[in-house]
Amino acid sequence: MDTAANAFVIREYGSAQVNYTSHTGLVVEFVKHVRIKILNKEGYNHANFTIPLYKSGNEREVVTDIKGASYHLQGDKVVETEMTKANIFNENSSENISLTKAAIPQVQEGTIIEYRYKTESPFIFNLNTWEFQEEIPKIYSEYVTRIPEICHYKSNLKGGFPIKDRKTENYNTSLRSEIGDILGTKTTYIMENIPAFHSEDYMTSSKNFRSILFFELGRYSVPMGPTKDFSLTWENVREKLIADESFGGQVKRKGALKEFIEPVLQGANNDITKASRLYAYFQKRIKWNNKHSIYAKNIKEALEKEQAIVPTLISDWSMHCVMLS
């Protein structure tokens, strides 16, 4: 359907399931399985894929299984080339994100590539998103979630293409509590004939416009046990950020930025003027250090080195400094 496509997804399947183990507690098990047809040389890069893995303290997401292969015709024979450990490597993207990168070998025009991987995460707040729409078209995309009743997630589909089919049914969680079996809900989301997404000039993050399914953990409650609420409202978000030492804790150090911001704010008589001046000040002084985070270890050190913060967060810093002033 898309004559300009360099590759397209024949079929992809994903699943995310919240499980419980005695040694790790609640975990999210995620599986992704994809088949892609490479049409020309410009599509070769789609034979490479990256798995982002979150880590915090001693806990981290891990890849528990990964496989990949390429298939192409040699005469009337299908030649399969499997991915090996030499095609897989790891790197750190930031303090909290590591990347597992893989490259499927022996790709040529007309090749079909296939890969499958499985991850396990102790961070149940991070139920994996599913990107129905990406930069190449897709014929069929399916995502399945299996969530026990002790977890309550909000789902949110962004983008302009609706789910074609959504089915909900019960499934056996194999979990028991003091008051009986714990039930679970299996939900299947299907989308077909998804066009490629094309970025435009001056567009903000493409994730704001592509058809992507997001999940937000509202709370989990163990029968006859504890209940934990997560961010249900913007007020909850504010409270948690202010309570975090690497966010709110930095703002509370009122004397840390005085030497920098007092000259900038001299003569400013309202918050709008203060914020505007500080925004311009940070634009000139701060460069991105290529790390993705909303948290900081030492904001004074960031200003002294003139390199630490993501530009899109400058407005937040401006308002924090207004608070300090």
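This passage describes the overall make-up of a predicted model and then some of its residues.

Residues are numbered from 1 along each chain as its sequence is written. Because this is a predicted model, local features need pLDDT of at least 70, side-chain atom pairs count only at pLDDT 80 or more, and totals for chains, interfaces and linings use all residues, while side-chain values use heavy atoms, with hydrogens and water left out.

The chain contains 6 helices and 16 strands, where helices (H or I, at least four residues) and strands (E, at least two) are DSSP runs numbered from the N terminus. Confidence is expressed as pLDDT, the predictor's confidence in each residue, from 0 to 100. Its mean over the chain is 85, with 89% of the residues at 70 or more. In residues 308–325, however, the pLDDT is below 50; this stretch still has 44 contacts in the model beyond near neighbours in sequence, a contact being heavy atoms within 4.5 Å. Of the contacts in the chain with a separation of 6 or more, 69% come from residues 24 or more positions apart. Buried residues make up 39% of the 325 in the chain; buried means under 20% relative accessible area, exposed over 50%, and partly exposed in between (1.4 Å probe, protein chains only).

The structure holds 13 aromatic pairs. Rings of Phe, Tyr and Trp (its six-membered ring) pair if their centres lie within 6.5 Å, and planes under 30 degrees apart count as stacked, over 60 as edge-to-face and the rest as tilted. Phe30 and Tyr117 form a tilted pair, with 6.2 Å centre to centre and 55 degrees between the planes. This pair links distant parts of the chain, since Phe30 belongs to strand 2 (residues 25–38) and Tyr117 to strand 9 (residues 112–121), 87 residues apart. Phe30 counts as buried because its relative accessibility is 5%, and Tyr117 likewise counts as buried, at 7%. Both belong to one aromatic cluster, formed by Phe30, Phe49, Tyr115, Tyr117, Trp130, Tyr143, Tyr189 and Phe215.

Lys32 is also found in strand 2, and this residue lies over the face of Trp130, a member of the cluster, at 5.6 Å from the ring centre. Here a charge sits over a ring if NZ of Lys or CZ of Arg is within 6 Å of the ring centre and within 35 degrees of the ring normal. Lys32 is buried yet has no salt bridge, defined as a side-chain nitrogen of Lys or Arg within 4 Å of a carboxyl oxygen of Asp or Glu. The nearest side chain of opposite charge to Lys32 is Glu134, 4.5 Å away (Lys and Arg count as positive and Asp and Glu as negative; His and the chain ends are not counted). Leaving aside neighbours within four places in sequence, the contacts of Lys32 include Glu12, Tyr13, Tyr115, Tyr117 and Trp130.

Strand 14 (residues 180–194) holds Thr188, which is buried with a relative accessible area of 7%. Beyond four places in sequence, Thr188 is in contact with Glu142, Tyr143, Val144, Asp165, Arg166 and Lys167. Asn193 lies in strand 14 too; its phi is near 50 degrees, a positive value in a residue other than glycine, and the residue is partly exposed at 44%. Gln106, in the loop between strand 8 (97–103) and strand 9, has a positive phi of about 55 degrees although it is not a glycine. Gln106 is partly exposed, with a relative accessible area of 49%.
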